[in-house]
Amino acid sequence: MSKILILNAAPRKNGNTADLICAFTEGALENQNEVRDIYLADKAIHTCMGCTACTRNGGNCVQKDDMYLVYDGMGRCNRVCIPHLLQLHYRSSQDGK
């Protein structure tokens, strides 16, 4: 059994990527896997400032945002799925965070 984290970086919560995630989740659950998904557009996640403070304080970022949810999810899973929509050969802005 796998523990799967899905990081949904799509700009539309109920768009085509959501349909893909739903089908993936159904298949994963049918095969006795655990699935957790995080919709990134709803989260306040800031880009790295390059301050390197995390290297001095045990890997903890000085920015207090929702990235801890992603770190926590990744620490609890053994598989990560990052579906994203390609529009004009570019990733969504949420995926680039």
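Start by selecting Thr17, Ala18, Ile21, Thr25 and Ala28: these are the buried residues of helix 1. Buried here means under 20% relative accessible area, exposed means over 50%, and partly exposed lies in between (1.4 Å probe, protein chains only). Now look down the axis of helix 1: its buried residues fall within an arc of 90 degrees, so they line one face of the helix. That arc is taken from the directions that lead from the helix axis to the C-beta atoms.

A word on what you are viewing: this is a predicted model, in which local features need pLDDT of at least 70 and side-chain atom pairs count only at pLDDT 80 or more, while totals for chains, interfaces and linings use all residues. Residues are numbered from 1 along each chain as its sequence is written, and side-chain values use heavy atoms, with hydrogens and water left out.

**The whole chain**

Zoom out, and you will find 2 helices and 3 strands in the protein chain. From the N terminus on, they run β-α-β-α-β. Helices (H or I, at least four residues) and strands (E, at least two) are DSSP runs, numbered from the N terminus. The chain has 97 residues, of which 31% count as buried.

**Around helix 1**

What covers the buried residues of helix 1? Strand 1 (3-8) and strand 2 (34-39) are included in that cover.

Follow the chain onward to Gln32, in the loop between helix 1 and strand 2. Gln32 has a positive phi of about 60 degrees although it is not a glycine. Most residues other than glycine have a negative phi. With 55% relative accessibility, Gln32 counts as exposed.

**The paired strands**

Select strand 1 and strand 2 together: they run parallel, joined by 6 bridges. Two strands pair if DSSP finds at least two bridges between them. Look for Asn8, which stands opposite Tyr39 in strand 2. Strand 1 is mostly covered, with 5 of its 6 residues buried.

Now show side chains for Leu5, Leu7, Ala9, Ile38, Leu40, Ile45, Val70 and Cys77, the 8 residues of the largest nonpolar core. A second, separate core has 5 residues, among them Ile4, Ile6, Ala28 and Cys81. A nonpolar core is a set of buried Ala, Val, Leu, Ile, Met, Phe, Trp, Tyr and Cys residues joined through side-chain atoms within 4.5 Å.

Move to the loop between strand 2 and helix 2 (67-76), where you will find Thr52. Its phi is also positive, near 60 degrees, and Thr52 is not a glycine. Thr52 is partly exposed, with a relative accessible area of 41%.

**Cysteines to finish**

How many disulfides does a search of the whole structure find? The search finds 0, where a disulfide is a pair of cysteine sulfur atoms within 2.5 Å. Select Cys51 and Cys61: the sulfur of Cys51 has its closest cysteine sulfur in Cys61, 6.4 Å away and too far for a bond. Cys51 counts as partly exposed, at 35% relative accessibility. Last, pick Cys54, which is in no disulfide; its nearest cysteine sulfur, that of Cys48, is 6.4 Å away. Cys54 is partly exposed at 37% relative accessibility.

Methods
Contact means heavy atoms within 4.5 Å.
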